[in-house]
Amino acid sequence: GTTAAAERPRTASVAVLPFRNLSADPENEYFADGITEDVIAHLAKIRALTVISRGSVKPFKQRPASMRDISATLGATALLDGSVRRAGNRVRIVAQLVDGESDRHLWAETYDRQLDDIFSIQTDVALHIASALEAELSPDERDRVERKPTDDLEAYQLFLQGRQWHIKYTNEGLSRAIEYFERALERDPSFALAAAELASSWLEIIESGVVEPHEAYARAEDAVTRALRADPDSSQAHATWGYLRMVRDFAWEDAEREFRRALALSPSNADAYDVYGRLCAAQGRFDESVAKMRRAQELDPLAHRIDIATALLRAGHYSEATERARAAVEIDPTNARAVATLGWAKLLGGQRSEGLADIELSVRLAPGVNLWLGQLGAAYGMCGEEEKARAIARDLEEKARTSYVSPYHLAYVYTGLGEHDLAIDQLEQAMRARGGPIYGIKGSFLFVPLREHSRFQRLLRELKL
């Protein structure tokens with residue numbers, strides 16, 4: 001028996017494919033997606049399993065490939081394939097666990113139940129998967145897997161709809177998500193998961209640089225505090241609280257402690273690895289940052305593709321960053337973040353005109369997003385196209401009269417133009433207002449030219465870096 005045990009990988013990795021909606025009503029699509037996400041969340045609490053996260057399984061909703069191909073793409077040893085049929089207050093869920101290599105069934109079950117039983121079905125599926133994959137659970141883990149997120153079914157459905165909007169990561173999507181999460185919390189004020197996702201929606205919106213940060217931070221703090229009060233063991237809430245402590249308060253040790261706690265509670269939490277990686281990058285711990293981002297990417301191969309490329313850029317590994325970013329662009333050529341990242345990898349690696357063309361394209365792909373406009377201004381400045389860079393600076397200053405523009409994005413342009421004092425003026429404003437990811441300036445590859453400047457050094461001291 002010992003040799004067989006040695007050959008089996010230490011942790012089985014499982015991908016939960018999006019449950020198919022077989023209901024007559026297409027409205028139930030979000031319900032099927034929600035079940036997928038909750039089974040993933042339950043499994044993520046089990047240390048002996050590696051669980052591929054929701055962003056990465058999403059493209060396989062229509063099963064465009066064979067089980068074997070999907071398992072190879074996601075790096076999963078087992079796949080859960082399921083469907084949901086819902087009619088009125090009845091729900092029928094069929095779930096089967098398939099071995100990724102041999103395609104044979106490891107476990108299958110059909111549940112015909114009342115809608116109210118939805119939580120016990122999800123728990124049951126998670127526990128069966130664990131036992132089929134011979135993943136040992138501690139009593140504590142079993143306890144967390146069996147805990148219901150809420151007793152209010154209506155709140156739960158509002159939450160599922162909010163989550164569908166959240167994962168679009170557009171400003172409209174985040175605003176809609178916030179509405180749904182707030183409605184869920186009106187129905188069940190102790191719904192920790194809804195409160196944690198609400199906080200994280202506010203933090204995403206701040207990052208995009210289109211709202212006044214002060215008010216949004218207060219909302220995020222209020223929501224995450226509610227989440228931790230309702231469930232002190234919520235991995236999501238600890239990760240979000242740590243992120244808030246990092247980006248607003250520069251409380252590095254507190255933040256790191258929260259990220260560690262989040263990962264202890266849910267070892268497959270890709271988002272927690274991602275924000276932990278950002279913390280390492282911000283502190284200039286580039287190798288650790290790349291390692292954390294790699295882990296985030298293993299757990300969520302599609303959602304965290306870009307972050308690893310960015311981490312490699314900060315560490316100065318331009319050719320590997322170019323490869324990673326190119327792979328991300330191939331998967332989704334319309335993703336502005338991927339295209340801009342590829343552009344910077346090329347530009348910094350010496351392919352100036354090709355890099356510049358990609359950064360221009362990212363602005364066309366996401367019109368009105370100041371982040372890419374500011375980066376394009378920086379790129380023009382660096383490549384000696386001074387007129388174009390100044391035009392972008394004027395454009396952003398003009399925009400700032402009527403709507404919120406993060407000074408952080410203007411700082412990009414001035415840095416590219418070599419106007420270091422003007423750039424630092426903007427960064428000081430951003431620091432005071434917490435506008436834009438100011439916590440990351442030490443590790444940012446765009447602010448390298450400012451690093452020796454005495455005022456920049458003073459900013460780093462204020463950041464406790």
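Mentor: Start with Arg86, which lies over the face of Phe31, 4.6 Å from the ring centre. Bear in mind that this is a predicted model.

Trainee: And what sits over the ring of Tyr276?

Mentor: The charged end of Lys292, at 4.6 Å from the centre of the Tyr276 ring.

Trainee: On to ring pairs. How many aromatic pairs does the structure hold?

Mentor: Nine aromatic pairs. In one of them, Phe159 and Phe181, the ring centres are 5.8 Å apart and the planes are at 40 degrees, so the pair is tilted.

Trainee: Where do Phe159 and Phe181 lie?

Mentor: Phe159 is in helix α7 (residues 153–166) and Phe181 is in helix α8 (residues 171–187), so the pair ties together parts 22 residues apart in sequence.

Trainee: Are Phe159 and Phe181 buried or exposed?

Mentor: Both Phe159 and Phe181 are buried. Ring pairs also link Phe159 and Phe181 with Phe191 in a cluster.

Trainee: What about Tyr412 and Phe447, stacked or tilted?

Mentor: Stacked, because the planes of Tyr412 and Phe447 are at 25 degrees, under the 30 degrees cut-off. The ring centres of Tyr412 and Phe447 are 5.5 Å apart.

Trainee: Which parts of the chain does that pair link?

Mentor: Distant ones: Tyr412 is in helix α21 (residues 407–416), and Phe447 is in the loop between α22 (420–433) and α23 (454–462), 35 residues apart. Tyr412 is buried, with a relative accessible area of 6%, and Phe447 counts as buried at 0%.

Trainee: Stay with α21. How many of its residues are buried?

Mentor: Ten of the ten, so α21 is largely enclosed by the rest of the structure.

Trainee: What do the buried residues of α21 pack against?

Mentor: They pack against α19 (370–382), α20 (386–402) and α22. Just after α21 comes Gly418, with a positive phi of about 80 degrees.

Trainee: Which residues of α5 are buried?

Mentor: Among them are Ile118, Phe119, Ile121, Gln122, Val125 and Ile129.

Trainee: And what follows α5?

Mentor: Glu134, whose phi is positive, near 55 degrees.

Terms used
Residues are numbered from 1 along each chain as its sequence is written. This is a predicted model: local features need pLDDT of at least 70, side-chain atom pairs count only at pLDDT 80 or more; totals for chains, interfaces and linings use all residues. Side-chain values use heavy atoms; hydrogens and water are left out. Rings of Phe, Tyr and Trp (its six-membered ring) pair if their centres lie within 6.5 Å; planes under 30 degrees apart count as stacked, over 60 as edge-to-face and the rest as tilted. Helices (H or I, at least four residues) and strands (E, at least two) are DSSP runs, numbered from the N terminus. Buried means under 20% relative accessible area, exposed over 50%, partly exposed in between (1.4 Å probe, protein chains only). A charge sits over a ring if NZ of Lys or CZ of Arg is within 6 Å of the ring centre and within 35 degrees of the ring normal. Contact means heavy atoms within 4.5 Å.
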